[in-house]
Amino acid sequence: MLSRVADSLYWINRYVERAENISRFVEVSEAMALDCPPGSAEPWLPLIDASGERDLFDKLCPAASPEDVVSFLVRREDNPNSVVNCIAFARENARQIRDVLTTEMWEHLNATYWSLQEASFWEQPPQEQLRDIRSACQLFYGITDATLSRDLSWQFSRLGRLLERADKTTRILDVKYFLLLPSPEEVGGVLDELQWIALLRTAGAYQMFRQSQQRAIAPEAVAGFLLLNPVFPRSVRYCLERISETLKIVRSNAVPGAPDQLECLSGLTLARWSFTRIEELIANGLHEAIDQLQQDLNHLHTLIEQRYFIAPAPEAPEDPSHSEAACVPA
């Protein structure tokens, strides 16, 4: 497979996953804002922190109103990670490799892009806009899984989706633990429980959490589910296991000798998050552990990019004046 094709497949799925996550973040926060008691901490600015775009937001939207947050995350053209831009970037990558994608994948992504360009789409109530975007992204996953052969194209598609999903799960959890910790008297209160429920819904995990945890919602239980659950498809551990599997398939033939950087980082990260307990993570500092994980995910992306997406520079032609033959006396 050509490097540029693998790169485009990887980024198509990262961008679609990013658009879906952001739309869900905003959708849940819209609903949470209606439930929060008057005068409570508003749920909007933490979304900016979770997206990692606080500096840009402060520059573009100094008023920092709820409307500014929603516009910045969903529609702003000068925010490269807004939902509209993510879908546009995904479509552009898809346009460049239309011969590799299935017709159904291209038609759906193209239709999604054009629907976001229509003024009538944005005349809908905000909740319907976000729900339509989220549904379109999820439908793209289904079309991909139903129509794309399980060859390298599908593996690189899955790789991009899993890396983005793991990153966003850790970011939104880190925001809750590090930036939204309530004062001691609010722990276990109504607002605190609302925020934890909102966090689960943001990750699409509320029902699965309730089925697996037959107890009251508690910070340790929520964090453990989102980070360490081996069967929930948005948990960090699940994503890391699938990333490791995918990299092995992409590599296909084992190379004799010591593992390289990509193999080492993938294996060590998976082991670290497979053989630990949430109590230990919290005792040693959950924010620090998540911060290290995000650094590992970024490094993993860099190594994947260097290995598979950046074509090696062509070797310079040998200078005849320095060849062995040129040194042979006449």
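**Ground rules.** I number residues from 1 along each chain as its sequence is written, and side-chain values use heavy atoms, with hydrogens and water left out. Because the model is predicted, local features need pLDDT of at least 70 and side-chain atom pairs count only at pLDDT 80 or more, while totals for chains, interfaces and linings use all residues.

**Entry 1: H12 and H15.** I looked up helix H12 (residues 236-251) against helix H15 (residues 286-309); helices are DSSP runs of H or I, at least four residues, numbered from the N terminus. Their axes come within 13 Å and cross at roughly 15° (axes are lines fitted to C-alpha atoms over the stretch in contact, and angles run from 0 to 180 degrees between N-to-C directions). H12 and H15 are therefore roughly parallel, a label for angles under 35 degrees. I noted the contact residues, with contact meaning heavy atoms within 4.5 Å: H12 gives Val236, Leu240, Ile243, Leu247, Val250 and Arg251, and H15 gives Leu293, Leu297, Leu300, Ile304, Arg307 and Tyr308. By class I find ten nonpolar, no polar and two charged residues (Ala, Val, Leu, Ile, Met, Phe, Trp, Tyr, Cys and Pro count as nonpolar, Asp, Glu, Lys and Arg as charged, and the others, Gly among them, as polar).

**Entry 2: H13 and H15.** Next I checked helix H13 (residues 261-274), which packs on H15 at about 155° with the axes 10 Å apart. H13 and H15 are therefore roughly antiparallel, the label for angles over 145 degrees. This contact divides into nine nonpolar, four polar and three charged residues.

**Entry 3: the core.** Which residues touch the most other members of the largest nonpolar core? I find Leu73, Leu173, Leu226, Leu227 and Ile304, out of 92 residues. Such a core is a set of buried Ala, Val, Leu, Ile, Met, Phe, Trp, Tyr and Cys residues joined through side-chain atoms within 4.5 Å; buried means under 20% relative accessible area with a 1.4 Å probe, protein chains only. Helix H1 (residues 3-35) supplies the largest share of this core, twelve residues. Leaving aside neighbours within four places in sequence, Ile304 is in contact with Leu159, Leu163, Leu247, Leu262 and Phe309.

**Entry 4: H11.** Eight of the ten residues of helix H11 (residues 219-228) are buried, so H11 is largely enclosed by the rest of the structure. Leu226 and Leu227 are among the buried ones.

**Entry 5: Arg24.** I finished with Arg24, which sits in H1. Arg24 counts as buried at 6% relative accessibility. Not counting residues up to four places away in sequence, Arg24 touches Arg134, Gln138, Arg201, Thr202, Ala203, Gly204 and Arg234.

Key:
Helices (H or I, at least four residues) and strands (E, at least two) are DSSP runs, numbered from the N terminus. Angles under 35 degrees count as roughly parallel, over 145 as roughly antiparallel, 65 to 115 as roughly perpendicular and the rest as oblique. Buried means under 20% relative accessible area, exposed over 50%, partly exposed in between (1.4 Å probe, protein chains only).
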